[in-house]
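Please follow the description below with the sequence and the model side by side. The account begins with the sheet, moves on to the helices, and ends with individual residues in the loops.

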Amino acid sequence: MKYEAPWWLPGGHAQTIWPALWARRTLGPPPAYVRERWLAPDGDFVDVDFLWPCAAAGAAPAPLLVLFHGLEGSSRSHYAQAFAGVARERGWGFAVPHFRGCSGEINRAPRAYHSGDHEEIDWILRRLAGLQRTGGGARAPLLAVGVSLGGNALMRWAGEQGGRALASADAIASVCAPLDLAAGGHAIGRGFNRQVYTRMFLRTMVPKALAKLAQYPGLFDRAALLAARDLHAFDDLFTAPLHGFRDADDYWRRASAKPLLPAVRVPALLVNARNDPFVPGASLPCDGEVAPAVTLWQPAHGGHVGFAQGGWPGHVRALPEAVAAWLADHAALG
């Protein structure tokens, strides 16, 4: 796989911001999702948006592509719509499970979501795999993609599960994931990143945390959260303690997928641009740090979940097309 950025879109920041805001996402109309609300094992809920292909009578069940979104993402994110369009053109089903609180409605439990939530990934994939089972008990193909935060969580799941992952998924891909959370967290907390991306994330994360505090008074220190100016401080006060971690440093260390990559047994593609503003190139895994089942693709350009191509204003279909082709090949879909 090769990628060259358009001449009119130089640098990691431009290759991150422009595709997210203005590049074309699909060839046809935006995806028209059908939403299901699932009851989670802890009594909370997760909203899953589906696109199902029109199947001919007697046809075999279509492959299902599952996308786990990034920090504060959703089925409306530019990359989700682009992957939905590619799945639609291939005749695949498509599903976006929303992490807690990201579907447009606050969740019920005294928790949210985090980068290493492999238990959440596991029960979602098991349930989706069940939907893919035919009357004879065989399972139609299931493919999974995780983007950014969702990519780390998916790879953490793959490492934790080892060979058991193959019962739920035939092939997976991680796109622009901060597999070393400490490296990514420190990178986004400095300079231009801090002024632009950190502020963008906190603009939605802080109100959600305050809504959670209104549900559960005393859950955390309100004044301290309002004083948070970077993701480390936010994770220290909110994400880490709500999900069983001592503090932000403990969370970033224990939730990172990178140490578990040698244990991955399901075919996996790891895509990371080396000019990603969020993920330092020096933190990316090399061939000797991953299992034989893992393929690394680390182009020089692409930004963070950007990879725009074509003439102005560009489109973001090239990456989903390449990832879908890799998944199809490694899941033996023909």
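In this predicted model, eight strands form an open sheet with mixed pairing, and their order is E1-E2-E4-E3-E5-E6-E7-E8. Strand E1 (34-39) and strand E8 (294-297) are the edge strands, each of them pairing on one side only, and from one strand to the next the twist averages 20 degrees. Within the sheet, strand E6 (residues 171-175) and strand E7 (residues 268-271) are paired in the parallel sense over four bridges, and Leu269 in E7 is the bridge partner of Ala173.

Helix H4 (residues 149-161) lies across strand E3 (64-68), strand E5 (142-147), E6 and E7, and its direction is at about 130 degrees to E5. Helix H10 (residues 318-330) lies across E3, E5, E6, E7 and E8, running at about 155 degrees to E6.

Other helices pack against one another. Helix H5 (residues 181-188) and helix H9 (residues 248-255) meet at an angle of about 130 degrees, with 8 Å between their axes; angles over 145 degrees would count as roughly antiparallel and those of 65 to 115 as roughly perpendicular, and H5 and H9 are therefore oblique to each other. On the H5 side the contact is made by Leu181, Ala182, Gly185 and His186, and on the H9 side by Tyr251, Trp252 and Ala255. Sorted by class, the residues in the contact of H5 with H9 are five nonpolar and two polar, with no charged residues.

The buried residues of H8 are Leu231, Phe234, Asp235, Phe238, Thr239, Ala240 and Leu242. At the N-terminal end, H8 is capped by Asp230, which has a side-chain oxygen 3.3 Å from the backbone nitrogen of His232, and after the helix comes Gly244, with a positive phi near 90 degrees.

Which residues does Arg111 contact, leaving aside its neighbours within four places in sequence? They are Asp42, Arg100, Asp117, Glu120, Lys212, Leu242 and His243, and of these Leu242 is one of the buried residues of H8. Arg111 is in the loop between strand E4 (93-97) and H3, and it counts as buried because its relative accessibility of 14% falls under the 20% limit. The side chains of Arg111 and Asp117 make a polar contact of 2.6 Å.

Glu120, one of the residues touched by Arg111, lies in helix H3 and counts as buried at 4% relative accessibility. Not counting residues up to four places away in sequence, Glu120 touches Val46, Arg100 and Arg111, and the side chains of Glu120 and Arg100 are joined by a polar contact of 2.6 Å.

Beyond helix H3 (118-131), in the loop between H3 and E5, is Gln132, which is buried with a relative accessible area of 3%. Apart from residues up to four places away in sequence, Gln132 touches Trp52, Ala62, Pro63, Leu64, Ala138, Arg139, Ala140, Pro141 and Leu142.

The last group of residues concerns backbone geometry. Most residues other than glycine have a negative phi, and most peptide bonds are trans. Ser148, in the loop between E5 and H4, has a positive phi of about 55 degrees although it is not a glycine, and Ser148 is buried, with a relative accessible area of 11%. Phe307 likewise has a positive phi, near 55 degrees, in a residue other than glycine; Phe307 is placed in the loop between E8 and H10, and at a relative accessible area of 1% this residue is buried. The loop between E8 and H10 also holds Pro313, which is joined to Trp312 by a cis peptide bond with an omega of about 5 degrees.

Key: Residues numbered from 1 in each chain as written. Predicted model: local features only at pLDDT ≥ 70, side-chain atom pairs only at ≥ 80, totals over all residues. Heavy atoms only, no water. Axes fitted to C-alpha atoms, helices over the stretch in contact; angles between N-to-C directions. Helix = DSSP H or I, 4+ residues; strand = E, 2+ residues; numbered from the N terminus. Parallel < 35°, antiparallel > 145°, perpendicular 65-115°, else oblique. Contact = heavy atoms within 4.5 Å. Nonpolar A, V, L, I, M, F, W, Y, C, P; charged D, E, K, R; others polar. Pairing = 2+ DSSP bridges. Buried < 20%, exposed > 50% of the residue type's maximum accessible area, 1.4 Å probe, protein only. Polar contact = N/O pair within 3.5 Å; in protein donor to acceptor, adjacent residues only side chain to side chain.
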